[in-house]
Amino acid sequence: MVEFVGKIALVTGAGAGIGRAIALRLASGGADVGVFDVDANAAQEVAEAVRDLGRRTCVVIGDVAQREAARAAVAVVAAELGGIDVMVNNAGILRTASFLDVSESDWHSTFATNLDGVFHFSQAVLPGMIERRAGCIINMSSWTGKKGVPNHAAYGATKAAIINLTQSLASEFGVSGIRVNAVCPGIIVDTNMRAEAEEMNRVQNLPDVAARVQSVPLRRAGYPSEIAEVVAFLASDSAAYMTGQAINITGGHWMN
Ligand SMILES: NC(=O)c1ccc[n+]([C@@H]2O[C@H](COP(=O)([O-])OP(=O)(O)OC[C@H]3O[C@@H](n4cnc5c(N)ncnc54)[C@H](O)[C@@H]3O)[C@@H](O)[C@H]2O)c1
């Protein structure tokens with residue numbers, strides 16, 4: 001797979017889970033990949049893995065909730081690797097609680113990371129893409145952005161907003177040759193977020209993954225690599241006529 005040779009990608013939350021899988025999938029396809037994460041050790045490990053694949057990389061440590069961190073990251077990647085062709089806004093956090101128990105700080109931190117992060121990085125990366133009249137942005141939403149779920153009010157609201165933001169950007173910047181899409185994973189195993197969610201579900205007496213996959217037509221949770229494959233497709237020329245979409249990757253759990 002060499003579909004990204006000569007392309008530069010930047011992935012937020014690339015240090016673990018789905019973001020890590022995306023960074024390595026794009027690198028496997030030939031992309032040079034900027035690794036952005038708040039966790040320095042995790043980011044360094046992924047950068048090593050990108051180098052092991054024979055690609056260039058650079059690590060930027062920061063918090064997507066900080067506008068200046070996004071601007072600095074885009075500038076560093078542009079200086080060290082080149083103008084960004086593929087921006088993947090993946091970083092996100094999950095805090096579950098009954099709506100009546102959602103704290104103000106959890107509400108605001110969920111929005112700051114999940115939604116403001118997309119705003120910050122998209123606004124930072126778009127001017128370069130507009131100048132080159134090419135580029136694509138892929139945003140990490142969730143099936144909970146399409147369907148309200150108990151105990152996920154803040155998280156689901158951010159993920160729904162990401163879908164709308166994706167459509168707004170696709171509408172506004174298609175004329176500049178830029179595509180903007182989102183992906184909506186369902187139940188994904190083998191990530192820190194899933195492990196944390198399992199623990200939160202246990203404390204709140206909510207069903208665990210084993211129970212919940214019974215309502216998934218494919219009867220299993222997904223893997224980060226399966227999300228990365230769809231992101232790679234959306235980032236590739238194979239998806240040249242796709243923009244403004246929010247693609248479900250849920251084993252059929254959500255179909256709309
Ligand atoms: N795991 C799932 O079941 C699932 C399902 C649907 C959507 N998603 C979405 O996929 C994305 C990745 O999820 P995951 O399961 O891989 O999570 P994860 O917790 O395993 O990994 C998230 C990564 O993002 C980094 N990160 C977190 N907050 C950050 C911040 N403020 N600034 C910079 N980096 C930050 C973490 O350090 C970590 O490396 C999230 O947007 C999540 O909402 C996950």
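**Starting inside the sheet**

Begin by selecting Met87, which stands opposite Ile137 in S5. This is a predicted model, in which local features need pLDDT of at least 70 and side-chain atom pairs count only at pLDDT 80 or more, while totals for chains, interfaces and linings use all residues. Residues are numbered from 1 along each chain as its sequence is written.

Now extend the selection to strand S4 (residues 86–89) and strand S5 (residues 135–140), which run parallel and are joined by 4 bridges. Strands here are DSSP runs of E with at least two residues, helices are runs of H or I with at least four, and both are numbered from the N terminus; two strands pair if DSSP finds at least two bridges between them.

Show the whole sheet next: 7 strands form an open sheet in the order S3-S2-S1-S4-S5-S6-S7, with parallel pairing. Strand S3 (57–61) and strand S7 (246–249) stand at the edges with a single partner strand each, so one side of each is left without a neighbour in the sheet. From one strand to the next, the twist averages 15°.

**Helices across the sheet**

Select H3, which lies across strand S1 (8–12), strand S2 (32–37) and S3, and runs at about 160° to S3. Such angles run from 0 to 180 degrees between N-to-C directions, the axes being lines fitted to C-alpha atoms, for helices over the stretch in contact. Then select helix H5 (residues 153–173), which lies across S5, strand S6 (178–185) and S7, running at about 165° to S6.

**Helix against helix**

Finally, select helix H1 (residues 17–28) and helix H2 (residues 40–52), which pack at an angle of about 20° with their axes 9 Å apart. H1 and H2 are therefore roughly parallel to each other, a term that covers angles under 35 degrees.

Terms used
Parallel < 35°, antiparallel > 145°, perpendicular 65-115°, else oblique. Contact = placed C-beta atoms within 7 Å.
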